Amino acid sequence: MRLTLLALLAKEPAHGYELKQALEQIFGSAYPSPNIGQIYVTLGRLEKDGLVRAVGVEQSNRPNKKVYHLTAEGREALGTWVDEPSEGPRVRDEFFMKLVLAPTTGIADRTAMINRQRRHYLGLMRDLNELAERTDPANQVALLLVEGAMLHLQADLDWLERCQEDLR
C-alpha cells in the first residue's frame, strides 16, 4: 500500500479519499479496495518517514483536509521500487511444506490434501471468472490483473497434478 500511494502521489498531490477513488478507478473491482482508515494510517506513516508532506487545506462548509505531496525522498523511494524486480517464484510454499511434512506425522493423507487444495483453487478460479465477467471491458488494467491471477492459479493447479503424480 505504501508504494502504491507514493505512485499515485507522484502524478499529483491528493487527499486520502481522492487516493481511494483513484485506486478504484484504475483497478476497478479486480483489486480489493482498501478502507479509508488504512489509507490514512499509511499516509501518516509515510509522512513520519519523510516520504510525503501534508498540507492543511481549509474548507468553508466542510472540515479541513490534508493534501499529501510526494517529497524528494518519496520520489527516490518510488524510483527504487520501480527499478527493483518484483518477487519471483515461491520456494517456501506453505502448502508444499504441509504436503511433505504432514503425512510423515500420520495426521494427514497426501491425496486428500491435494484434493482439498485443488477444490480451493477451483473455487478461486470460479470467483476470478465471475470477477472478469463483471469487470468493465474498457478497463484493461483490471482485466490484465484478473488474467494474471488466473494464469498463476492455473499454474498452481498444474503443479498440484505434478505433486500428485510424483509424491505417491
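This is a predicted model: local features need pLDDT of at least 70, side-chain atom pairs count only at pLDDT 80 or more; totals for chains, interfaces and linings use all residues.

Which residues does UniProt list for "domain: Transcription regulator PadR N-terminal"?

Mentor: UniProt lists residues 5-78 for that domain, in an unreviewed entry. UniProt positions are given here in the numbering used for this chain, feature names are shortened, and annotations may be inferred rather than shown by experiment. Residues are numbered from 1 along each chain as its sequence is written.

Helices (H or I, at least four residues) and strands (E, at least two) are DSSP runs, numbered from the N terminus. The unreviewed entry in UniProt also places "domain: Transcription regulator PadR C-terminal" at residues 91-167. That stretch is 83% helix and 0% strand, with its end C-alpha atoms 17 Å apart.

The whole protein chain has seven helices and two strands, in the order α-α-α-β-β-α-α-α-α from the N terminus. Its radius of gyration is 21 Å, well over the 15 Å that the globule rule gives for 168 residues, so the chain is more spread out than a compact globule. That radius is taken over C-alpha atoms, and the rule is 2.2 Å times the number of residues to the power 0.38. Along the principal axes, the C-alpha atoms fill a box of roughly 70 × 35 × 30 Å.

Of the 168 residues, 29% are buried; buried means under 20% relative accessible area, exposed over 50%, and partly exposed in between (1.4 Å probe, protein chains only). Among contacts with a separation of 6 or more, 57% join residues 24 or more positions apart, where contact means heavy atoms within 4.5 Å.

Val 146 sits in helix α7, residues 140-166, and is buried, with a relative accessible area of 3%. Apart from neighbours within four places in sequence, Val 146 is in contact with Ala 30, Leu 128, Leu 131 and Ala 132. Arg 45 lies 101 residues from Val 146 along the chain, and their C-alpha atoms are separated by 30 Å.

Definitions and conventions:
Side-chain values use heavy atoms; hydrogens and water are left out.
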